[in-house]
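My entries follow in the order I made them.

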Amino acid sequence: MATVQMNVSPADLAHVPSGGEKIPGPAIMVIFGASGDLTKRKLLPALFHLEQSGLLPKNFAIVGVARRPLGNEFAEDMRAGILEFGSVDKNDPKLDEFIQKVSYYALQFDDGSGYAGLKDALDKLAAEKNIGPDRLFYLATAPEYFAPIIENLGASGMAKPETGKVGVVIEKPFGHDLDSARELNHQVNAVFPESQVFRIDHYLGKETVQNVLVFRFANGIFEPVWNRNYIDHVQITAAESIGIEGRGPFYEKAGALRDILQNHMMELLGFVTMEPPSSFDAESVRREKVKVWQSIPQIPIANAVRGQYGPGTVDGQQVIGYRQEDRVNPQSGTETYAAVKLEIENWRWAGVPFYLRAGKRLRKRATEITIQFKQPPLLIFNQMQNSNAPCPEIQPNIISIRIQPDDGIALRFGAKVPNTPGMSVCPVNMDFNYAQAFGQQRANGYERLLLDAMLGDQTLFSHRDGVEINWALYTPILQSWAATKPDNFPNYFAGSWGPDVADRMIERDGREWKNTLGKPE
Ligand code: BG6
């Protein structure tokens with residue numbers, strides 16, 4: 001496959017200043033569940049990146065809250081996390097000053113009597129650091145604590161101060177089916193009005209995910225062909241080569257459909273398929289996403305398949321199967337792979353199939369959206385009749401949006417092969433590569449989301465309606481899967497592209513999964 005390199009990478013674009021960013025007012029960010037991995041690996045490195053870019057307010061404090069009694073070692077652990085996961089130089093002059101802003105408070109999340117003490121501690125800290133009443137509560141705990149924490153924040157008067165802005169950021173999973181999501185929404189909104197709620201989906205913090213909107217709505221040439229008249233089908237893949245990374249108890253209850261498909265992939269689908277919003281404000285963007293999700297009819301159970309990895313080889317290393325992972329039931333029926341075919345019944349998309357798949361321990365890590373276009377109405381260069389043709393068939397045009405790794409966008413089209421008899425056509429790629437064009441980014445996606453939550457901008461957060469619509473779509477599949485334990489698990493090898501049943505699902509339609517992820521074939 002030849003690649004036409006696009007001339008989009010002037011070196012002087014490498015350090016585009018973010019410019020025009022707003023800086024939030026003085027505030028305390030309170031992270032519940034702060035002793036967990038997320039805080040150290042993602043949140044603190046992201047906050048430090050914001051500090052380095054001058055995007056945090058001068059008067060700012062971070063309070064980690066968890067059950068274990070911890071003292072100063074919490075701040076030191078956070079420093080280690082920033083250095084390790086934030087690619088930060090240990091001599092960075094801002095680091096010591098930043099770590100001074102980090103403190104810790106021990107609390108049993110479900111013990112209401114402890115919250116008055118937390119409130120006092122926050123008020124005292126605010127007075128010392130001249131911060132004022134603004135608070136952002138970040139729930140990074142196990143999901144069973146979301147409701148008690150919210151209730152206790154309400155009961156202790158921290159959710160509605162007399163003055164000041166208060167927000168609550170809620171990590172996924174937001175419920176485990178439609179009923180539980182509805183109940184949680186109810187509990188959340190009983191304390192925090194929707195305008196104060198930030199349901200986080202970290203995929204929306206990824207630059208490449210946001211770039212889907214830019215690609216579609218800041219360029220005039222794609223919109224006219226972005227519909228059923230030109231597009232044959234769309235594939236969205238979230239392939240991971242990692243396994244469950246020691247998260248057995250969590251994953252046993254979640255599975256691939258709840259963990260990735262129902263949230264991250266539906267957000268990607270929303271951005272790919274929504275109508276142009278009237279502006280880039282929270283209400284317009286979220287309304288268009290909800291409209292498109294509402295147009296998805298129930299997925300027939302035959303169009304949903306599942307798999308579980310057995311032992312295999314990934315990146316040259318022997319790896320164990322899911323059932324051998326730590327704290328996983330040796331007869332587990334949890335899926336580590338899920339794929340669905342769905343349709344969108346609106347004027348733009350009627351008749352265009354969308355194939356979504358997500359899996360652990362697949363051949364390689366690649367999150368990608370593949371838009372395959374219809375063939376031209378008449379193929380005048382019939383190379384099938386030419387046995388010497390270098391490429392046997394004329395391939396359809398493809399736009400591949402690579403979310404990660406090797407972020408970028410490629411367009412595949414046919415080109416005349418020079419110096420061959422007749423008109424031989426082979427596919428070539430025009431390839432835009434993010435790192436080449438803009439320099440390697442250190443951001444992990446949480447920077448944008450944390451900043452937006454502090455500023456009160458909900459555009460990149462999920463609305464309660466959207467969460468419930470997506471659960472409504474997938475709950476019947478989850479119920480059907482729960483009722484029939486698969487008898488053929490494990491049904492794919494670690495290091496493969498998933499179970500045969502997923503290939504059969506797409507092959508029924510005369511199509512195949514694009515497994516040359518990274519570049520269109
Ligand atoms: C999380 C899932 O939401 O997303 C994990 O719980 C998954 O299982 C992760 O590994 C993938 O995120 P990313 O950003 O690495 O694609």
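**Entry 1: the largest cavity**

I looked up which element supplies the most residues to the lining of the largest cavity, and found α12, with 4 residues. Helices (H or I, at least four residues) and strands (E, at least two) are DSSP runs numbered from the N terminus. I note that this is a predicted model, where local features need pLDDT of at least 70 and side-chain atom pairs count only at pLDDT 80 or more, while totals for chains, interfaces and linings use all residues. Residues are numbered from 1 along each chain as its sequence is written, and side-chain values use heavy atoms, with hydrogens and water left out.

The structure holds 4 cavities of 30 Å³ or more. Two elements give two or more residues to the lining of the largest cavity, α8 and α12 (464-483). The volume of the largest cavity is about 200 Å³. I count a cavity as a set of points, on a 1 Å grid over the protein atoms alone, where a 1.4 Å probe fits but cannot get out; a pocket is an open set with protein on both sides within 12 Å along at least five of seven lines, and lining residues have an atom within 4 Å of a point. Grid points are joined across faces, edges and corners, and a volume is the space filled by probe spheres set on the points.

The lining of the largest cavity has 17 residues, and Phe174, Gln262, Asn263, Ser462 and Val467 lie nearest its centre. By class I find 7 nonpolar, 5 polar and 5 charged residues there. Here Ala, Val, Leu, Ile, Met, Phe, Trp, Tyr, Cys and Pro count as nonpolar, Asp, Glu, Lys and Arg as charged, and the others, Gly among them, as polar.

**Entry 2: the second largest pocket**

I took the second largest pocket next; its volume is about 340 Å³. It is lined by 17 residues, with Gln210, Leu213, Val214, Phe280 and Leu460 nearest its centre. Helices α7 (207-217) and α11 (446-455) each supply at least two lining residues. The largest share, 6 residues, is from α7. The lining divides into 9 nonpolar, 4 polar and 4 charged residues.

**Entry 3: α8 and the core**

The largest nonpolar core has 150 residues, and Phe32, Leu47, Leu342, Leu356, Ile369, Leu450 and Tyr474 touch the most other members. Helix α8 (residues 248-273) gives the most to this core, with 11 residues. A nonpolar core is a set of buried Ala, Val, Leu, Ile, Met, Phe, Trp, Tyr and Cys residues joined through side-chain atoms within 4.5 Å. Buried means under 20% relative accessible area, exposed over 50%, and partly exposed in between (1.4 Å probe, protein chains only).

I listed the contacts (heavy atoms within 4.5 Å) of Leu342. Leaving out residues up to four places away in sequence, Leu342 touches Met266, Leu269, Ile296, Ile299, Val352, Pro353, Phe354, Leu356 and Tyr474.

Asp259 is also in helix α8. Asp259 counts as buried because its relative accessibility is 4%. With residues up to four places away in sequence not counted, Asp259 touches Lys172, Arg247, Phe250, Tyr251, Ala254, His264 and Lys360.

Why is β5 largely enclosed by the rest of the structure? I find that 5 of the 5 residues of β5 are buried, so the rest of the structure largely encloses it. Arg135, Phe137 and Leu139 are on one side and Leu136 and Tyr138 on the other. Strands pair if DSSP finds at least two bridges between them. β5 runs parallel to β2, with 5 bridges, and parallel to β6, also with 5 bridges. Met29 stands opposite Leu136, and the bridge partner of Leu136 in β6 is Gly167.

Helix α5 (residues 146-155) is largely enclosed too, because 7 of its 10 residues are buried. These are Phe146, Ala147, Pro148, Ile149, Ile150, Asn152 and Leu153. Their cover includes β2 (27-32), α4 (115-129), β5 (135-139), β6 (166-170) and α6 (178-191). After α5 comes Gly157, with a positive phi near 80°.
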